[in-house]
Every structure is written in C-alpha cells, then in structure tokens.
Amino acid sequence: MPMRLSRHSLALAPLLLALAACGKGGGDHAANARAAYAADDFAGARVEALAALDGDSGNADLLVLLIQSQLRLGDGDGAQATLQRLVDAGRSGPELTRWKAEAALLRGQARQALDWVGDDRSPSGWRIRAAALYALKDYPGANEAYRQGMAGQPDLQLARDYARMLIEAQDWTGAANTLATMQRLAPKSLDTQLIAGELALKQGRRDEAARIYDAAIADHPKRIEPLLARASLADMAGKVDDAAGFVSRAAAIAPNDSRVVELGVQIAAEKGDWEKVRTTLAPMEADLDPRSANGLKYAEALLALNHPEQARAIFAKAALLSPQNPYVRIMLGESELATGDGAGALRTIRPLADGVTAGPRELDLALRAARAANDPAAAQYAARLSSPAFKAGQQALGEANAALMRQDWAGAIAAVQRIPGYENDADAQKLIAFACSKAGRADEAIAHADRALELAPRNPDMIHLAGLVRLEAGRDREVMVRLLKQASEADPANRLFRADLVRSGTAG
C-alpha cells in the first residue's frame, strides 16, 4: 500500500525528494536523516545528516536539512556554522536569510536578527521578528508582529509560539483560537499535541491532557517532550513512581537534556533522595541560578545532608533576587535556624508568619526560631497555632483554594472573606481580586487589587495584579501598562509578568 502523507509531511516533500536524489555518498545516513526529520526527531536528523555529510560535504540539500534540524533544536551556533557551508556550496535566497536571522536570535543577537529579517512578511519572518522584539523587551512590537503574522497565512511554528505566549498570559480564549489554527494546519504534529495538552492542563482538564500526551508519546516515540509532560501530570496527581518512570524513559532518549535533569531532580527531591539531588547537581554548581528550580533543590539537598552554611548562602542569594517567593523565605529561615541564627530566622519568616493566610509550616518555623532566639513572640505563635481562629482560617483557606481549582469564583471569594483579618492582608486581598476578575466583577477586582498593593507596595506580585485586573477589564490603559512594566522590571525572570506585558501592547 502506498504511503499517504499528511499536510505537515507534504510541506517537507521538496526537501525529502531532493534528499532522495543524493548520491551514494549520502548512503543510508541521508535516508535516515530525512526519515527522522519527517518524524519530528530533530536530534536524530542532526546526527544522521552530519554522518551523511562526512561523505558528501558539499551537498546543499543535506546542509539544508541539517540547518533546519539545528534550528528546531535551538542550536544557533551549529546552524551558523552550517549556514556558512551552505553559502560556500552556492546556495542563496530569502530562506537562507531567514535562517541567518533565526540563528542570530538563538545566539542572543536579537538586533542582528531584526536586521537580517528586514521586511520579510512570511510566517517565519513574523515569528522571528516577534521573538527578537520580545527579547529586546519591545512587548507591544512583539504582540503586533504576532497579530500581523496570524492575520495572514500563519505556519505551524508561528502559531505554536503565539499560542505559548497566550497560555503564559492565561489568555485561554486566544490560546484556544490559535490551537484551532494549528489543528487545521497539522493536527498530528507534536507541536499541536503539546499545545493542546498544555491548554487542557492549564484549564483543569487533566484527564484530557493525559490522553493527549499519551497519544503524543505513541506518535513521537523519540521525543522527550510528551514524556516529560506526562511525568509532570503524574507528579501533580501524587503518582511519584509513575512520574519517575516517565522521566526514566526520557532519560533513555536524552540523558543530558537540561529538562530531563531538572524533572529528575524534582522527582528525587519529592522522594527524599537528597544524595541523588546533590550528586546530580554538584558538577554544575557554579552555573546554577540560585532562584531556579535546580538551584533551590540543590540548596535544599545541602540543608538535608547537614551542610547548612552552604545552603544558607544559596537561599540568601535567591531571597535577594526573589524576595516575594514564600518557598525561598521558608528555606532561608530553616537554613538560618540550622546554623544557630534563631533571630535571623525569625526576621526572615516573620513577614509570612504574621499574615492571615500563613499555614502551619510558617507558624511552626516562626515558633522554633522565636524559641531559639528567646524572643517573647514564641508564646504568641504557640497560642495562634492552637487557637480555634487559626483552625477556622485554615479551613476557609483550604475551601478557597479548592474553589479556585474548580473555577468557582463566587465560592472562592466567600471562603476568603471568612478568614479572620482578611481585610488587612495583602495575600487575602490578592486572592479576592483574582477571583473577582475571573468572575467579571471588574470594579471589585480593581478595588481589592489596589488594596493589596496599598498593603504591600513593593511586592512585584501585587504590582502585577493591580495591572492585570485592569488589563482584563479593559480599564485605565496608562496605569495598567505602567504597573505591568513596573512588575516586570522588579522581577525580570517572571515569564507570566512578561507575557501579560506583551498582551498589554494592544489592549484597550
């Protein structure tokens, strides 16, 4: 029976036919390379194309396949080198210029990428332009580039990147519309399946997400992305052993991939295998960002393995970079307490412990720190932990979080309002503002967000929220943009903040 090609495969037909005509120098490697590329196995395609080029170094069609594989893998340096070989082989044209632009972008040269892409109005041109403008923090320009590209004849990669940005910004309607475009273009492509799974997951449709990821694993057995997505989903459901199994399968494909390493570290930490966490991350200690998932898990492993001074140093750096991160504050307090600095631990945990949404972990740490420092606050924390008001507040907070998970906005608001002292607590006001915004109660959302910002004026989360509720309501454009910019500048590593700032470029 003859093989039938999907629309996605038809787009590759000229390239595949050209490679089929390669001379004997390409051999089986050329055939393997084109088969791997057609199956979205870009790592395999790169390996096989390089092997084929060993015997046919000037073959322009093999060089094209290698460049495309390198670009899809994010290998800007490799693509740059291969592009020079392609030029030497006599190839030119607008596609080559686009590849030069994308290689420059991957190498961190956003302005050069814009120069190369010029006025290219192809789908790839719009995609590269949007990504370059985003890298340069021209968020309105990036959003406009995405919109113009999607208004024309978008290709799969443009739609994929736009969908990812919309998902990061929690624009579910926009993401669903963009996914529909992807499904028309290439319903079985891995990009389409991953976006569909991520959107289902973000909207709370976990069973549907699992089915999508399982299909992607079956359709793309040599790709790690669906395995890692499935592992994360299993982990969310508390199925740690299942998650570890998916990570092991991904590690068999790409053991040194940073995403595989990071998720493997997370699973090991959840199992309490701190020695595995330490030995995995110790060789890369000098390059770890202290606020990254790996950096924080490494510090936690050091603390668990009785190296509190080293752990404290890492958590202290993370706290300087992300002072609003509650996990960082808790772990810094634990490491300070472990080094005998009870007073320092109390200073660190007190902003969390004194909030009305504080949980048993925060209060227990504050109690231990106060006792170690001989601070009279210990009696207050002990009394609060055992008080009926605290227990009632914890029950209400649990009900609020459960309501938020099932998108019962009215239920979430009512539950938070049962927490004693919620009127004067920034985190409680933040929860109410978020729920009001989702419920379409714009006036209340803005009022509660502004109250949260009044209570915690330097907290990037509260600054972002005050801008976000205005963005969602289509109100106060100048104030909204100013607040979102301020939040992004205060926490430049926060992807949600950046995504919402991109959205703000054409809002209102």
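**Close-up views of a predicted model**

α27 gives the most to the lining of the largest cavity, with three residues. The structure shown throughout is a predicted model.

**Figure 1. The largest cavity and the residues that line it.** The structure holds one cavity of 30 Å³ or more, and the volume of the largest cavity is about 40 Å³. Its lining is made up of Gln170, Phe434, Ser437, Lys438, Leu468 and Glu472. At least two lining residues come from each of α27 (426-438) and α29 (460-473). By residue type, the lining divides into two nonpolar, two polar and two charged residues.

**Figure 2. The aromatic pair Tyr134 and Tyr139.** Across the whole structure, the search finds four aromatic pairs. In the pair formed by Tyr134 and Tyr139, the ring centres are 5.4 Å apart and the planes stand at 70°, so the arrangement is edge-to-face. The cut-off behind this label is an angle over 60 degrees between the planes. Both Tyr134 and Tyr139 are buried.

**Figure 3. Arg129 over the ring of Trp126.** The charged end of Arg129 lies over the Trp126 ring, at 4.6 Å from the ring centre.

**Figure 4. The salt bridge between Asp161 and Arg164 in helix α11.** Side chains of opposite charge can pair when their charged atoms come close. For Asp161 and Arg164, the closest N and O atoms are 4.0 Å apart. Both residues belong to helix α11 (residues 156-168), where they are three residues apart, about one turn of the helix. Arg164, with a relative accessibility of 37%, counts as partly exposed. The pair also belongs to a network of salt bridges that links Arg72, Arg160, Asp161, Arg164 and Asp191.

**Figure 5. The salt bridge between Asp408 and Arg406.** The closest N and O atoms of Asp408 and Arg406 are 3.4 Å apart. Asp408 has a relative accessibility of 27% and therefore counts as partly exposed. Arg406, at 55%, counts as exposed.

**Figure 6. The salt bridge between Asp443 and Arg475.** In this pair the closest N and O atoms are 2.9 Å apart. Asp443 is exposed, its relative accessible area being 55%, whereas Arg475 counts as partly exposed at 32% relative accessibility. In the structure the count of salt bridges comes to 33, with Asp443 and Arg475 forming one of them.

**Figure 7. Leu65 in helix α5.** Leu65 is placed in helix α5 (residues 60-72). With a relative accessible area of 0%, Leu65 is buried. Glu262 gives a reference point in the chain: Leu65 and Glu262 are 197 residues apart in sequence, and their C-alpha atoms are 30 Å apart in space.

Methods:
Residues numbered from 1 in each chain as written. Predicted model: local features only at pLDDT ≥ 70, side-chain atom pairs only at ≥ 80, totals over all residues. Heavy atoms only, no water. Phe/Tyr/Trp six-rings, centres within 6.5 Å; stacked < 30°, edge-to-face > 60°. Buried < 20%, exposed > 50% of the residue type's maximum accessible area, 1.4 Å probe, protein only. Lys NZ or Arg CZ within 6 Å of the ring centre and 35° of its normal. 1 Å grid on protein atoms, 1.4 Å probe; cavity = no way out; pocket = protein on both sides within 12 Å on 5 of 7 lines; lining within 4 Å. Points joined across faces, edges and corners; volume = space filled by probe spheres on them. Helix = DSSP H or I, 4+ residues; strand = E, 2+ residues; numbered from the N terminus. Nonpolar A, V, L, I, M, F, W, Y, C, P; charged D, E, K, R; others polar. Salt bridge = Lys/Arg side-chain N within 4 Å of Asp/Glu carboxyl O.
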